[in-house]
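Please keep the sequence and the model at hand while reading.

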Amino acid sequence: MSISAIKGMNDILPGKVETWQFLEQKAREVFATYGFSEIRTPVVEKTELFCRSIGETTDIVEKEMYTFADKSDNSLTLRPEGTAPVMRAFIQNRLHTLDPVSKLYYLGPMFRYERPQKGRYRQFHQIGAEVIGVEDAKIDAQVLAMLHHYACAIGIDAVELQVNSLGCPACRPDYRTALIAYLETRLSSLCSECQRRYTTNPLRVLDCKATGCKAATADAPSVLDHLCAGCDEHFSQVQGYLRALSIPFSINARMVRGLDYYVRTTFELVTDRLGSQNAVAAGGRYDGLVESLGGPALPGIGFAIGLERLVLMMEEGQQLTARPDLFLAALGDAAAAQAFVLMSKLQRGGVRAEMDYQGKSLKAQLRRANKLNARFSLILGEEELRTGTAELKDMDQSSQVPVALDGLEQELLKRL
Ligand code: HAM
């Protein structure tokens with residue numbers, strides 16, 4: 001029996017991988033403009049890192065982590081997200097001593113044991129960005145401006161930026177108390193999961209998709225009515241800067257995030273194109289996180305984009321695979337051997353050249369040139385090799401010109 005991939009973990013095949021490369025390359029370009037440097041951390045960390053940062057009562061830590069014991073019986077976990085590992089690396093390598101403001105980005109696979117469906121996988125990929133060291137609301141706006149810039153750069157427009165503030169350790173407890181009191185009066189309408197968690201993680205009830213929970217929380221107290229003066233002022237400033245930068249957004253006071261480290265600004269880039277997996281990117285502020293993991297008391301903010309969801313959103317049929325510049329059609333073994341050398345030389349010179357390796361008929365070779373969407377084709381037979389000239393056919397224009405095989409690279413570069 002043949003072996004297949006693990007459920008929820010996908011191959012990224014030629015034809016699709018070009019979209020991934022495009023999205024990754026654009027992120028590198030855009031993020032560099034804003035002064036971000038790449039950081040790469042291991043895919044495996046000590047389990048404790050995620051329990052302490054994401055939160056013991058979250059879905060991720062309770063149900064979704066790929067946790068295992070290594071041969072020395074250490075509990076390790078495949079990273080379910082990138083923020084905690086980046087903070088661990090930041091603290092361990094004392095990056096704050098190099099620069100008071102660290103702007104870091106990362107891309108790579110993350111792992112969550114979720115029920116796979118369209119846009120939700122067990123191995124998925126994030127492009128994330130984190131800024132550590134700035135409390136000022138300007139940086140919240142700048143991070144959102146960068147996310148908006150990236151969405152424009154890759155050409156997705158069916159997205160909406162929703163923002164919220166979740167308060168801070170000074171004002172959140174008040175809100176929690178008010179929310180728990182409200183939920184207590186409607187317990188019988190909540191799903192069993194929310195009945196269980198309404199005291200341990202009441203904010204998650206606002207995010208529950210069950211119809212009963214949705215209806216029961218329709219008039220729930222709003223977090224925005226419970227912000228302390230400091231959080232209220234910070235959130236107003238974030239909105240002011242977003243308006244000043246002409247970044248379109250709406251406020252979603254019911255937005256809660258699935259990770260416990262957030263304070264103040266939280267946000268999601270949502271779309272109506274992907275069914276229930278509607279968040280293309282998400283993030284927020286995590287001011288106490290670095291300190292709680294044993295580092296200096298520095299604020300932080302960031303986001304992560306789900307690459308699979310972006311790929312799904314990219315226009316169908318968008319041709320990102322590089323077209324070959326030239327297809328060499330050779331007739332006979334001698335010509336094929338010479339075409340092979342010529343092709344290799346052209347490739348070294350930067351020309352995307354292709355040929356046939358299976359001794360196919362001329363007709364079949366030209367069919368393949370068409371299928372690959374080659375810009376030019378060139379037929380090499382005995383006659384062409386003897387005279388050192390051949391006809392270079394422009395496949396788009398259906399025109400042809402005689403060229404010397406010797407100067408072919410220059411000729412092609414001139415014409416591309
Ligand atoms: P998150 O909301 O858990 O936040 O994930 C961010 C994004 O990753 C989601 O909006 C979604 O696009 C994608 N994503 C999450 N789970 C899956 C999945 N199972 N399959 C496919 N895509 C998925 C975080 O991970 C935070 N670390 C973001 C952050 C960075 N906050 C501050 N800095």
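Is Glu382 buried or exposed? Glu382 is exposed, with a relative accessible area of 70%; buried means under 20% relative accessible area, exposed over 50%, and partly exposed in between, with a 1.4 Å probe and protein chains only.

## Basis of the model

This is a predicted model, in which local features need pLDDT of at least 70 and side-chain atom pairs count only at pLDDT 80 or more, while totals for chains, interfaces and linings use all residues. Residues are numbered from 1 along each chain as its sequence is written, and side-chain values use heavy atoms, with hydrogens and water left out.

## The sheet

An open sheet is built from 8 strands in the order 1-5-6-11-10-9-7-8, and its pairing is mixed. Strands (E, at least two residues) and helices (H or I, at least four) are DSSP runs numbered from the N terminus, and two strands pair if DSSP finds at least two bridges between them. Strand 1 (37-38) and strand 8 (250-251) are at the edges; each has a single partner strand, so one side of each is left without a neighbour in the sheet. Helix 4 (residues 83-92) packs on the sheet and touches strand 5 (102-111) and strand 6 (123-132), where contact means heavy atoms within 4.5 Å. The direction of helix 4 makes about 45° with that of strand 6. For such angles, axes are lines fitted to C-alpha atoms, for helices over the stretch in contact, and the angles run from 0 to 180 degrees between N-to-C directions.

## Strand 7 and its partners

Strands of a sheet pair through backbone hydrogen bonds, either parallel or antiparallel. Strand 7 (residues 160-165) pairs with strand 9 (residues 263-270) in the antiparallel sense, over 6 bridges. Within this pairing, Glu160 stands opposite Val270, and Asn164 has Thr266 as its bridge partner. With strand 8, strand 7 pairs in the parallel sense over 2 bridges, and Gln162 stands opposite Ser250 there. Strand 7 is mostly covered, with 5 of its 6 residues buried.

Arg264 is part of strand 9 and has a positive phi of about 50° although it is not a glycine. Its relative accessibility is 12%, so Arg264 counts as buried.

Arg94 has a positive phi of about 50° and is not a glycine either. Arg94 belongs to the loop between helix 4 and strand 5. At 48% relative accessibility, Arg94 counts as partly exposed.

## Salt bridges

How many salt bridges does the model hold? The count comes to 21, a salt bridge being a side-chain nitrogen of Lys or Arg within 4 Å of a carboxyl oxygen of Asp or Glu. One of them joins Asp59 to Arg197, with the closest N and O atoms 3.8 Å apart. Asp59 lies in helix 3 (residues 59-64) and Arg197 in helix 7 (residues 192-197), so this pair ties together parts that are 138 residues apart in sequence. Asp59 and Arg197 are both buried. Between Arg196 and Glu62 there is another salt bridge, with the closest N and O atoms 3.3 Å apart. Here too the pair links distant parts of the chain, with Arg196 in helix 7 and Glu62 in helix 3, 134 residues apart. Arg196 is partly exposed at 46%, and Glu62 is partly exposed at 37%. A network of salt bridges links Asp59, Glu62, Lys63, Glu193, Arg196 and Arg197.

Arg352 forms a salt bridge with Asp325, the closest N and O atoms being 3.8 Å apart. Arg352 is in the loop between helix 13 (333-348) and strand 13, and Asp325 is in the loop between helix 12 (307-313) and strand 12 (326-330); the two residues are 27 residues apart. Arg352 is partly exposed, with a relative accessible area of 40%, whereas Asp325 counts as buried at 5%.

Phe340, Val341 and Tyr357 make a nonpolar surface patch of about 340 Å². Patches are made of residues with over 30% relative accessible area and no salt bridge, with like charges joined within 9 Å and nonpolar side chains (Val, Leu, Ile, Met, Phe, Trp, Tyr) within 5 Å. Accessible areas come from the Shrake-Rupley method with a 1.4 Å probe, and for residues only the protein chains shown count as cover. Tyr357 lies in the loop between strand 13 (353-355) and helix 14 (362-371) and counts as exposed at 58% relative accessibility.

Glu382 is found in helix 15 (residues 382-387). The C-alpha atoms of Glu382 and Ile12 are separated by 42 Å, and these residues are 370 residues apart along the chain.
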